[in-house]
Amino acid sequence: MSFFERNRAELEAEGIDLARVPPGQYVTERFPVLHAGTVPEIEEATWGFTIGGLVANPQTFDLASFRSLPTVETVADIHCVTKWSKLDTRWEGVSVAGLLALAGQRPDATHVVIRAEHGFTANLPIDDFARSENLFAWRYDGEDLEVDHGWPLRLVVPHLYFWKSVKWVRGFDLLDHDEPGFWERNGYHMYGDPFREQRYWGD
Ligand SMILES: Nc1nc2c(c(=O)[nH]1)N[C@H]1C(S)=C(S)[C@@H](COP(=O)(O)O)O[C@H]1N2
Ligand SMILES: [Mo]
């Protein structure tokens, strides 16, 4: 039995619905840390989050004003392109849809680029970004996010591979076209649906 087959047999024995696990993935209880480059040093006093591009009301928040927005909670399965998945992860933060409503998404906006520390970016179609379960989170599993996992703020978009869930996020811009982000320029798929195994260019 391969490692993947054994993993699926164990999940089945625990009563977990295997339809939750995308092809080519295994489930782990661990929470691996993955990113390009070094963990940024965050200065909370000068931290800012901006919403720009095709919006009626561009927004700027400091940490306190972002934290004072209404909070939501999401429980979801996450899937990393390096083949680990984690079930029932619990996040707390601010709803993406709520922020879009605040900023007034213009009708010509079709895509979004998320911006993070060190110039890291990721791209998404606007409808995938606006899904009701998506959030900008600062709490994971009832605790403040660890810096390795994106403190003070990360995006969580559980239905796509986890590289779209940008850590150390500083804002986003709405566009009328698609633009590849950091990993998308480096071989990763523009969309990244784990259930269709859209890992790399050409998948
Ligand atoms: N800012 C930033 N966010 C990032 C990345 C990165 O390199 N920089 N890597 C992505 C990738 S490839 C993955 S798999 C997830 C990993 O999140 P984790 O370290 O919390 O597991 O973060 C994503 N967000
Ligand atoms: Mo990744």
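**The charged pairs**

Mentor: Start with Asp-144, which is partly exposed at 42% relative accessible area. Here buried means under 20%, exposed over 50%, and partly exposed in between (1.4 Å probe, protein chains only). The model is predicted, so to speak of local features takes pLDDT of at least 70, and side-chain atom pairs count only at 80 or more, while totals for chains, interfaces and linings use all residues. Residues are numbered from 1 along each chain as written, chains are lettered from A and ligands numbered from 1 in written order, and side-chain values use heavy atoms, without hydrogens or water.

Now the partner. Asp-144 forms a salt bridge with Arg-139. The term asks for a side-chain nitrogen of Lys or Arg within 4 Å of a carboxyl oxygen of Asp or Glu. In this pair the closest N and O atoms are 3.1 Å apart. Arg-139 has a relative accessible area of 25%. That makes Arg-139 partly exposed, like Asp-144.

Next, Glu-92 and Arg-90. They form a salt bridge too, with 3.9 Å between the closest N and O atoms. Glu-92 is partly exposed, at 21% relative accessible area. Arg-90 also counts as partly exposed, at 28%.

Then take Lys-164. Its salt-bridge partner is Glu-184. The closest N and O atoms of that pair lie 2.8 Å apart.

These pairs are part of a bigger set. The structure holds 14 salt bridges, among them Asp-144 with Arg-139, Glu-92 with Arg-90 and Lys-164 with Glu-184.
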